[in-house]
Amino acid sequence: MFLRIAAKAMTHRRNRLGVAAIALIVGSTVTTAMLSVYYDAGRKMNRELRAYGANIMVSPSEGTSLDQNAMDRLTSGSWPEIIGTAPFLYVVAQGREKPHGTAGLTSQPESSDLRTIVVTGTWVDQARKLSPWWQVRGNWIESRDDDSECLIGEHLAHQLGMDQANLLELSYGAQESLETAAGGTAGTTEPKLGPSASARRTFTVAGILDTGGPEDDQVVVSLRAAQELAGLSGKLSAIAISASGGQDRVEALASHINSSLVSARADLVRQIAESEGRVLGRLRLTMLLLALLILTAAALSVGTTLTALVMDRRKEIGTMKAIGAEGSDLLRLFLVELAGIGLGGGIVGYVLGMVLAQPIGRSLFSAPVSPRLAVFLMILMISLAVALLSAVLPIRRIRDVEPALILKGD
Amino acid sequence: MFIRIVKESMIRKRRRKIVAVVSVMLGAAIATAVLGIGLGIGDKVNRELRAYGANIQVLPRDRSIQVTSGGVQYQAAAAGSLLDEQDLPRLRTIFWANNILAFAPFLEVPVNARDASRGGNELQTNLTGTWFEKTIQGDTGSALVTGVRQLAPWWKVDGRWPEAGECLVGVRLMETLKASQGDDLSLQPVARGGSPLETRLRIAGTLTTGSDEDRGIIANLETAQWLSGQPGKLARLEISALTNPEDSLASRDPSTLSPMESERRSCTPYPNAVAADIEKVIAGSEARPVRRISETEGSLLTRINLMLLLVAVAALAAAVLGVASTTMTTVLERKSEIGLLKAIGASDIGVTSIFLAESIITGIFGGILGLAAGYGLAQVIARTVFGSGVPLSPILAPIVVAISLIVSFAGSAIPLRTSLRLGPTDVLRDNI
């Protein structure tokens, strides 16, 4: 009986209910879209910020060297926060342009003067992922096993007067005893090559690298080529890591890496890690406050509409009271009805809101917004609460309704 | 007569009118606040992103190849290819001077360092001279406080920032030297056959940055200039400037632009435009955007602005909905009044004009009150998040008042039409 009255009330007063239902649906749609984008913004904007580059650098601790198998540990998947890693080996070598056609000759007339150059060995495919701002005029080194090509920094190319497809000859250890940069600071125990053990390699310039950073003065080759050039097979100068998460999580990850890698230390790149936390924190706070405002606006509109809806039915209340309904029966009836509207509106609003959130998410972080149980439950709770609360205001009026007065005509 | 009816209705039914005005006000306030913040904090977000440090780097045009890796310089920069320190105040005179938030000069010298207080081993490292904090007077009398403390807010100093005769030592060098704060460092520039120059600096603090600075010494620019024998010179200038992301306008050929577009382009601080402006005042320099920072920042800023715009639109939708539903219910509630007016001979136009006049009054009042409240709300939010108020564009005022007027008007017009369709008898007999 009770349920039947409630069901009838909902189906029969369709147009009056329409306004309230539409208000509720639009309100929960907007709120769902906002909340979903807000939650995803935390995670996916983070991914956008990762374009600033590595936020953890692993380097050998004093007096030791970094082994390449540390890379395997990092990429083994035991740390899901790690988005990307790239190994680096810095070698200070002598370089000069080698004219074409003489590639086969080993003894070169010392005509073009030798320059001291920093040679960076890396997995170019990974370095490129980690540093999306790198630009190359010409071709990239496509494979990390390509030992014959190099990228030459924009400023260095200008200084050497070299361009794409030229040949660059690099020699290591031939001149005055140059130490490798592998240890970072001076005083490392890197195996130094004597002047006699000079290594020489020729590279084809695949492209000119423009980064606006120190790489503009360097030559980039494959990691293996740099290791062979310097006779440091299996050694690294540094590993750059790009890790997701807030500053706390990145900091925790750095100390975790620190404790699990021997003879290496992981440092937080404070320029990136700290700024990132700051920017992201501010953004999320803004989003949250704005979402709350929107929620308030939506709740107010739904609340006033539903309150008016209840007030409007004084006549019906009068009739029911006249045929013997108690105030509490009526209240229960209204609450069930409003709960039905609240739940229905919330569910429909959630579905529409998720549809609305997709294009927003795609334009913001080029990824769809993922549905979340938390958001769904929150929307249900909020719309239910708003619907039920809107009955609280007119409760006293419902109790005070005098059936005789109402039925007579106000 | 008409005016009297409206006036009486406003005064007699005060509570109902207050509810209507308050609802319009709330809607307008929320719309103002969100629109104001969404459109106004772009500049603040831009400033926040400046926490990432310098986005423009100035180097000598004919500089030699830098042989630096892992914080150690392998060859001193050749003399002659350096910038002049005396040019730096001229940065305050350029067209985009107000966009320059901070800058700092740098000069690196390879040195042999030894802890003189403890007599440890001698180590080769890099001494970087810079400005920690310096006040530059502009032409207009406005002073700019600049230096690495402003340029690189992420530098963490354990101890205190150095004064004259003091220096910062990177955390990893500190470990290698086995030195501690308050020790004196003896420094000698690296030169073939030893250098006659020697200076002593007291360690004021330990510097942690997570990059190359951790392995070096940071001191005053004068110290580095003296040690390297290059007074008044610097090797590198880093600048943090507010810039706009490069958009389609920036990449187009200037000759194809209309006069208005080309004016807009010349008035937009694109990174390249600011860099070119800087290049003009620093003799023999080459200024370039640090692409790692400026490009990432650009794409981030575009996205954030888009997000804020979407939020503003969503807020507007919610506010419009709130105001419309409230006005609709207030008109629906007054159906019997409409019937009564019609029964005593009012025409449809007469009834409509009474109701719409009332809705215009509520719309304007609510809109203006809401504008004021929303302005305050926006300031509160901006202060909470960014620690400073947000400038609200004056164009917001007519927009918000017009929107509340239109919404309140349309919100009463729709239910009015359905109410008028009913005959007076329907309305009076059966309180539908």
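**Exercise 1.** Does Leu24(A) count as buried or exposed, and at what relative accessibility?

*Solution.* The structure is a predicted model. Begin with the location: Leu24(A) belongs to helix H2 of chain A, residues 14–49. Next, take the cut-off, under which buried means under 20% relative accessible area. Because its relative accessibility is 3%, Leu24(A) counts as buried. Finally, list the surroundings. Apart from neighbours within four places in sequence, the contacts of Leu24(A) are Val302(A), Ile341(A), Gly342(A), Gly345(A) and Ser383(A). One of these, Gly345(A), is 321 residues from Leu24(A) in sequence, yet the C-alpha to C-alpha separation is 5.6 Å.

**Exercise 2.** Determine how H2(B) and H10(B) are oriented relative to one another, and name the residues through which they meet.

*Solution.* Two packed helices are described by the angle between their axes and the distance between the axes. Here the angle is about 170 degrees and the axes are 8 Å apart. Since angles over 145 degrees count as roughly antiparallel, H2(B) is roughly antiparallel to H10(B). On the H2(B) side, the residues in contact include Ser23(B), Gly27(B), Ala31(B) and Gly38(B). On the H10(B) side, they include Ala312(B), Ala315(B), Ala319(B) and Glu333(B).

**Exercise 3.** Identify the members of the nonpolar surface patch and the helix that gives the most to it.

*Solution.* The patch is formed by Leu300(A), Ile18(B), Val22(B) and Leu26(B), with about 290 Å² of accessible area together. Helix H2 of chain B, residues 14–40, gives the most, with three residues. Leu26(B) lies in this helix. Its relative accessibility is 32%, so Leu26(B) counts as partly exposed.

**Exercise 4.** Explain why helix H3 of chain B is described as largely enclosed.

*Solution.* Helix H3(B) spans residues 42–49. The buried residues are Gly42(B), Lys44(B), Val45(B), Asn46(B), Glu48(B) and Leu49(B).

Methods. Residues numbered from 1 in each chain as written. Chains lettered and ligands numbered in written order. Predicted model: local features only at pLDDT ≥ 70, side-chain atom pairs only at ≥ 80, totals over all residues. Heavy atoms only, no water. Patch = residues over 30% accessible without salt bridge, like charges linked within 9 Å, V, L, I, M, F, W, Y side chains within 5 Å. Areas by Shrake-Rupley, 256 points an atom, 1.4 Å probe, with all protein chains shown as cover. Salt bridge = Lys/Arg side-chain N within 4 Å of Asp/Glu carboxyl O. Helix = DSSP H or I, 4+ residues; strand = E, 2+ residues; numbered from the N terminus. Buried < 20%, exposed > 50% of the residue type's maximum accessible area, 1.4 Å probe, protein only. Axes fitted to C-alpha atoms, helices over the stretch in contact; angles between N-to-C directions. Parallel < 35°, antiparallel > 145°, perpendicular 65-115°, else oblique. Contact = heavy atoms within 4.5 Å.
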